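Q: Hi! Could you walk me through this structure? I'd like to begin with the charged pairs and then move on to the packing.

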Amino acid sequence: MELFKIVKDSNKSLRERSIDISFPLTKEIIELGNNMLTYLKLSQDEEFLAKHKKIRSGVGLAAPQVGKNIKMLAVYFAFENKEYEYILINPKILSESTKECYLTSGEGCLSVDNDHKGYVYRPYKIKVQAYNLVKNEFVTLDLKGYPAIVLQHEIDHLKGVLFYDHINKEDPFIEKKGAIPL
């Protein structure tokens with residue numbers, strides 16, 4: 001597999017809205033999705049990272065980050081003894097909670113090299129509908145906490161939004177009442 005050159009946030013293509021993917025899926029789309037997932041798996045492999053010093057570890061990757069403004073993303077991570085492995089096509093958030101959460105360490109992104117300190121508040125629970133290429137089926141995912149944050153971060157990429165757009169410019173570490181720190 002050829003490694004992707006990750007598109008950086010200085011590239012205006014990351015600010016563009018992605019387009020829907022039509023069905024049936026082309027061979028190119030399937031291959032791209034599988035390569036994105038493989039990239040994430042490799043990026044979490046210590047041995048691989050030792051050999052490839054420029055690769056940063058990641059849990060999610062959206063198609064715009066690899067130069068394709070189409071609605072596809074891949075996520076791969078383990079959280080609370082559950083493995084999350086998806087290649088989602090045309091993901092859509094159907095509903096979200098009013099209760100919010102945030103990562104106390106802040107969010108990061110493979111496309112963002114500069115440090116952007118501050119809290120990114122996101123809905124604590126979301127319901128997402130998409131086609132999951134990993135299982136070749138349409139799915140509705142009910143996610144909360146960290147997995148919900150990861151999916152929202154990647155879906156934002158499909159809308160041309162970056163995580164630091166959500167940080168309060170006047171007070172980056174403002175603590176919202178009732179928000180759940182993770």
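Q: Before we count anything, what makes a pair a salt bridge here?
A: A salt bridge is a side-chain nitrogen of Lys or Arg within 4 Å of a carboxyl oxygen of Asp or Glu. Keep in mind that this is a predicted model.

Q: Good. How many salt bridges does the structure hold, then?
A: There are 10 salt bridges in the structure.

Q: Which residue does aspartate 113 form a salt bridge with?
A: Its partner is lysine 8, and the closest N and O atoms are 3.1 Å apart. The pair links distant parts of the chain, 105 residues apart: aspartate 113 is in the loop between strand 4 (100–102) and strand 5 (122–123), while lysine 8 is in the segment before helix 1.

Q: Is aspartate 113 buried or exposed?
A: Aspartate 113 is exposed, at 51% relative accessible area. Lysine 8 counts as partly exposed, with 28%.

Q: Which residues are linked with Lys8 in a network of salt bridges?
A: Arg56 and Asp113 are linked with Lys8 in that network.

Q: And where does aspartate 165 sit, relative to its partner arginine 15?
A: Aspartate 165 is in the loop between helix 3 (146–158) and strand 8 (180–181), and arginine 15 is in the segment before helix 1, 150 residues apart. The closest N and O atoms of this salt bridge are 2.5 Å apart. Aspartate 165 is partly exposed at 34% relative accessible area, and arginine 15 is partly exposed too, at 37%.

Q: What about lysine 71, which residue does it pair with?
A: Lysine 71 forms a salt bridge with aspartate 20, with 3.1 Å between the closest N and O atoms. Lysine 71 lies in the loop between strand 1 and strand 2, and aspartate 20 in the segment before helix 1, 51 residues away.

Q: Switching topic: where is glutamate 107?
A: Glutamate 107 is in the loop between strand 4 and strand 5. With a relative accessible area of 10%, glutamate 107 is buried, because buried means under 20%.

Q: Which side chains make polar contacts with glutamate 107?
A: Arginine 122 does, at 2.8 Å, and histidine 153 does, also at 2.8 Å. Beyond four places in sequence, the residues that glutamate 107 touches include Val120, Ile149 and Phe163.

Q: Okay, now the packing. Which residues touch the most other members of the largest nonpolar core?
A: Phe4, Met36, Leu61, Met72 and Ile89 do, in a core of 25 residues. Helix 1 (27–43), helix 2 (46–51), strand 2 (72–79) and strand 3 (82–96) each give two or more residues to this core. Helix 1 gives the most, with six.

Q: What does phenylalanine 4 touch?
A: Leaving out residues up to four places away in sequence, phenylalanine 4 touches Leu32, Asn35, Met36, Tyr39, Leu61 and Val66.

Q: What about a second core, how many residues are in that?
A: The second, separate core has 18 residues, among them Ile126, Val139, Ala148 and Val150.

Q: Back to helix 1. Which of its residues are buried?
A: They are Ile29, Leu32, Gly33, Met36, Leu37, Tyr39, Leu40 and Ser43. Looking down the axis of helix 1, these buried residues fall within an arc of 150°, so they line one face of the helix. They pack against helix 2, strand 1 (60–62), strand 2 and strand 3.

Q: Last one: how far apart are the end C-alpha atoms of helix 1?
A: They are 24 Å apart, which agrees with the 24 Å that its 17 residues should span at 1.5 Å a residue.

Note on methods
Residues are numbered from 1 along each chain as its sequence is written. This is a predicted model: local features need pLDDT of at least 70, side-chain atom pairs count only at pLDDT 80 or more; totals for chains, interfaces and linings use all residues. Side-chain values use heavy atoms; hydrogens and water are left out. A nonpolar core is a set of buried Ala, Val, Leu, Ile, Met, Phe, Trp, Tyr and Cys residues joined through side-chain atoms within 4.5 Å. Buried means under 20% relative accessible area, exposed over 50%, partly exposed in between (1.4 Å probe, protein chains only). Helices (H or I, at least four residues) and strands (E, at least two) are DSSP runs, numbered from the N terminus. Contact means heavy atoms within 4.5 Å. The expected span of a helix is 1.5 Å times one less than its number of residues. The arc is that of the directions from the helix axis to the C-beta atoms. A polar contact is a pair of N or O atoms within 3.5 Å; within protein, one must be able to donate a hydrogen and the other to accept it, and residues adjacent in sequence count only if both atoms are side-chain atoms.
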